[in-house]
Amino acid sequence: MKIFLYGFVFLFTSLYAGFEEEDMSGIYIEGIALITVVFIMAVITNKISSKHAKEYAIKNKERLKENLSIKEQKKRDYARYEENRVNELLKLVNDEIITEDEYGVIKRWLYN
């Protein structure tokens, strides 16, 4: 925005000092054409960006749903792993390979 304002100040002050009136109309026309082109480019870019943002939002929602389902599946798998591990530890206790104290320590370590 500052460049835009400085451009107008520069255009109306320093360029006007050394040119004839006929030369100034050509410079003004070129300046207006440049500003028009930049404005049109900005509008087109904004439209394209908003279009891509909408497409990305839809894809992002789909990815979010997929990620949530994957996380839920991992939680269920880990819960099954913990249950299986506790059952294995109980078998070791029943076979008297480990003691009840060791079982309690391992179980606390498993859930923390």
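Leaving aside neighbours within four places in sequence, which residues is Y103 in contact with? The residues are V86, L89, L90, V93 and I98, where contact means heavy atoms within 4.5 Å. The model is predicted: local features need pLDDT of at least 70, side-chain atom pairs count only at pLDDT 80 or more, and totals for chains, interfaces and linings use all residues. Residues are numbered from 1 along each chain as its sequence is written, and side-chain values use heavy atoms, with hydrogens and water left out.

The chain has four helices and zero strands. Its pattern along the sequence is α-α-α-α. Helices (H or I, at least four residues) and strands (E, at least two) are DSSP runs, numbered from the N terminus. Helix α3 covers residues 21-94, and α4 covers 100-111. Of the 112 residues in the chain, 9% are buried. Buried means under 20% relative accessible area, exposed means over 50%, and partly exposed lies in between (1.4 Å probe, protein chains only). The chain exposes about 10100 Å². Carbon and sulfur atoms supply 63% of that area. Accessible areas come from the Shrake-Rupley method with a 1.4 Å probe; for residues, only the protein chains shown count as cover.

Y103 also belongs to the largest nonpolar core. The six residues of this core are V86, L89, V93, I98, Y103 and L110. The elements giving two or more residues to this core are α3 and α4. Helix α3 gives the most, with three residues. A nonpolar core is a set of buried Ala, Val, Leu, Ile, Met, Phe, Trp, Tyr and Cys residues joined through side-chain atoms within 4.5 Å. In soluble globular proteins, nonpolar side chains tend to be buried together.

E96 lies in the loop between α3 and α4. Its phi is near 60°, a positive value in a residue other than glycine. Most residues other than glycine have a negative phi. E96 is exposed, because its relative accessible area is 69%.

A nonpolar surface patch of about 460 Å² is made by F39, I40, V43, I44 and I48. Patches are made of residues with over 30% relative accessible area and no salt bridge; like charges are joined within 9 Å, and nonpolar side chains (Val, Leu, Ile, Met, Phe, Trp, Tyr) within 5 Å. I40 lies in helix α3. At 45% relative accessibility, I40 is partly exposed.

Two salt bridges are found in a search of the whole structure. A salt bridge is a side-chain nitrogen of Lys or Arg within 4 Å of a carboxyl oxygen of Asp or Glu. D77 pairs with R80, with the closest N and O atoms 3.0 Å apart. These two residues are three apart in helix α3, so about one helical turn separates them. D77 is partly exposed at 34%, and R80 is partly exposed at 44%. E88 and R85 form a salt bridge at 3.1 Å, N to O. Both lie in helix α3, three residues apart, about one turn of the helix. E88 has a relative accessible area of 41%, and R85 has 31% relative accessibility.

The whole structure holds one aromatic pair. The rings of Y78 and Y81 have centres 5.8 Å apart and planes at 35°, so the pair is tilted. Rings of Phe, Tyr and Trp (its six-membered ring) pair if their centres lie within 6.5 Å; planes under 30 degrees apart count as stacked, over 60 as edge-to-face and the rest as tilted. Y78 and Y81 are three residues apart in helix α3, about one helical turn. Y78 is partly exposed at 43% relative accessibility, and Y81 is partly exposed at 43%.
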